[in-house]
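This report walks through one model, strand by strand and helix by helix. Keep the sequence and the 3D view open while reading.

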Amino acid sequence: MSKTLDIAIIGAGPGGLVAALRLHQRGFRPKIYESVQELKPLGVGIDVKVYGTKELDELGLLDEFRAMSVDAKESIFFNKYGQEIYAELCGVHMGYLYEQRFVHRGTLQMLLYKTVLERLGDDAVVQGQRVLGYTNDHDGSGVMLDVQNRDGTSSSVHADLVVASDGINSVVRRQMHPESADPVYSGITMYRGTTLMKPFKSGGTILHIGAPQISSMIVYPIADDFEGTGLTLVNWVVEAEREKSIEDWNQLGSVDEIMHYYDETDIPFLDVQQMLRDAREVYLFPLIRHDPLDSWIDGRVIMIGDAAHAMYPRGGNGACQAIVDGGVLAEKLDSIDDVDEALQAFQDVRLKAVNGIVMAHRGEGYEIIRRMVEERTNGERFADIEEVLPLAEADGIFSTYHKLVGQERPGHDDGEATGFRTWDVLASEPSA
Ligand SMILES: Cc1cc2nc3c(=O)[nH]c(=O)nc-3n(C[C@H](O)[C@H](O)[C@H](O)COP(=O)(O)OP(=O)(O)OC[C@H]3O[C@@H](n4cnc5c(N)ncnc54)[C@H](O)[C@@H]3O)c2cc1C
């Protein structure tokens, strides 16, 4: 396809920025239109799976990404009392070719932003430009965007192709699929925060505590020696029933509403309540059900990332799937001469697969093992986890999930058990 194709990307989140870099790698010169006046490193933690790290490596950003993130070593699941249910290794420690890494969403976004400016030029990202809607040309050869400028005035931008990566509140999605414009609140709100503290366990451990939705907590480190303090910045997310909060990633909350969930939680290497008390900030975000769409294309407009396939932020795949979109789209636009055929080819590869992940997350994904234990014990302590949730059963759930998201476990075909319980490993390690 001609590299003079004029491509406008809406939104400079991870999805839009990676799409710009991938298109640039293939010789295109897209331009990003971003609504905020000035991009800032907002958000808290993101769990970048092995296939996300692979994408960043293919963009030539692996070293910089490593320097700002934490290597994920192990993932451990507990019930609400702090009794261990299951554990598995992560990334290269599991045998994958790439690392799984934990990072601050804003830090990663700033790396991608800086790289876009370096590679595509300072004018590649225009900030303070809020897209209000689009109109396809009558002859199907391009799109007119209706834009609100920084000073409140309006203008129009014409492009041969529009890639909409305008996130979970996408105006493009609303225009393209008005029937799915009013998503359903699940009744669950996520409390998301960070705490500066000493590293715990391996220094690269992710913890999953309690039953999903009732008082579920996920904890993982996102930056070592944060700002030279010698301490680790730890990300945590708590799911709790709550009246609906707005879908704004920057809405503030308080730990007072969730502290009591952890009165009986006793994890040997982490004081959960202290971590919550020491939170630097707490944000709320509602779990909203956005139904999977049957098309992401309208003429010369295509949606990617959260705009196309917003998913519950469980299992750490939202950002990674957004990142993958950019590479696939660029490859199709590069290798197929006809723009419309290229868009269709992108959708053929991505839509069914990603919708499967959207639905799996709605059903709790692999986090379901915590619910199973909660239900099988009636919320009581257990004496022997093997009698409640045998290792082989948990292993099967994890293997199925990893396959679904495109990172089948190494060794799985041989029927190897890859999950474990940390006390088994500790018992088999030679004593010092
Ligand atoms: C401020 C913020 C904080 C976040 N924090 C977290 C977090 O802590 N943990 C987590 O897992 N996920 C977080 N997310 C979501 C996460 O970034 C996405 O789930 C994932 O990375 C997919 O990225 P995306 O680029 O598709 O969407 P997003 O990251 O949501 O990016 C969308 C971009 O489009 C811009 N935009 C929106 N509407 C318009 C418009 N009409 N015109 C022009 N530009 C527009 C937005 O300002 C934003 O920069 C956050 C998103 C945002 C915007």
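## Strand β5 and its two partners

In β14, the bridge partner of S75 is I206. Five bridges join β5 to β14 (residues 205-209), and the two strands run parallel. Two strands count as paired if DSSP finds at least two bridges between them. Helices (H or I, at least four residues) and strands (E, at least two) are DSSP runs, numbered from the N terminus. This is a predicted model: local features need pLDDT of at least 70, side-chain atom pairs count only at pLDDT 80 or more, and totals for chains, interfaces and linings use all residues. Residues are numbered from 1 along each chain as its sequence is written.

β5 (residues 74-78) also pairs with β6 (residues 84-89), through five bridges and in the antiparallel sense. Here E74 has L89 as its bridge partner. The hairpin of β5 and β6 has five residues between the strands, and G82 takes a positive phi near 95° there.

Is β5 mostly covered or mostly open? Mostly covered: five of its five residues are buried. A residue is buried if 20 or more other C-beta atoms lie within 10 Å of its own, exposed if 12 or fewer, and partly exposed in between, with C-beta atoms placed from the backbone. In a regular strand the side chains alternate between the two faces of the sheet. In β5, E74, I76 and F78 point one way, while S75 and F77 point the other way.

## The six-stranded sheet

Six strands form an open sheet with mixed pairing, in the order β8-β2-β1-β12-β19-β18. β8 (125-126) and β18 (297-298) stand at the edges with a single partner strand each, so one side of each has no neighbour in the sheet.

Inside this order, β1 (residues 7-10) and β2 (residues 31-33) pair in the parallel sense over three bridges. I9 stands opposite I32 of β2.

β16 is largely enclosed by the rest of the structure, because seven of its 10 residues are buried. β13 and β16 run antiparallel and are joined by 10 bridges. R192 has V237 of β16 as its bridge partner. β15 and β16 also run antiparallel, joined by six bridges. A223 stands opposite L233 in β16.

## Two positive phi values in loops

Most residues other than glycine have a negative phi, and most peptide bonds are trans. K201 is not a glycine, yet has a positive phi of about 50°. K201 is found in the loop between β13 (184-197) and β14. K201 counts as partly exposed, because it has 18 C-beta neighbours inside 10 Å.

E227 is another residue other than glycine with a positive phi, near 50°. E227 lies in the loop between β15 (217-223) and β16 (232-241). Is E227 buried or exposed? With 9 C-beta neighbours inside 10 Å, E227 counts as exposed.

## Helix α9

α2 (residues 50-58) packs against α9 at an angle of about 40°, with the axes 9 Å apart. That makes α2 oblique to α9. Axes are lines fitted to C-alpha atoms, for helices over the stretch in contact, and angles run from 0 to 180 degrees between N-to-C directions. Angles under 35 degrees count as roughly parallel, over 145 as roughly antiparallel, 65 to 115 as roughly perpendicular and the rest as oblique. The crossing of α2 and α9 is left-handed; that is, the near helix is turned anticlockwise from the far one by less than a right angle.

Q321 lies in α9. Q321 is buried, with 25 other C-beta atoms within 10 Å. Q321 and K49 are 272 residues apart in sequence, and 9.7 Å apart in space, C-alpha to C-alpha. K332 also lies in α9. K332 is buried, with 22 other C-beta atoms within 10 Å. K332 and I76 are 256 residues apart along the chain, and their C-alpha atoms are separated by 39 Å.

## The shell around the ligand

Which residues come nearest to the ligand? Of the 32 residues around the ligand, they are G11, G13, G43, G167 and G305. A residue is near if its C-beta atom, placed from the backbone, lies within 6 Å of the molecule.

α1 (14-25), β9 (130-136), α8 (305-309) and α9 (318-335) each supply at least two residues of this shell. The shell divides into 15 nonpolar, 11 polar and six charged residues. Ala, Val, Leu, Ile, Met, Phe, Trp, Tyr, Cys and Pro count as nonpolar, Asp, Glu, Lys and Arg as charged, and the others, Gly among them, as polar.
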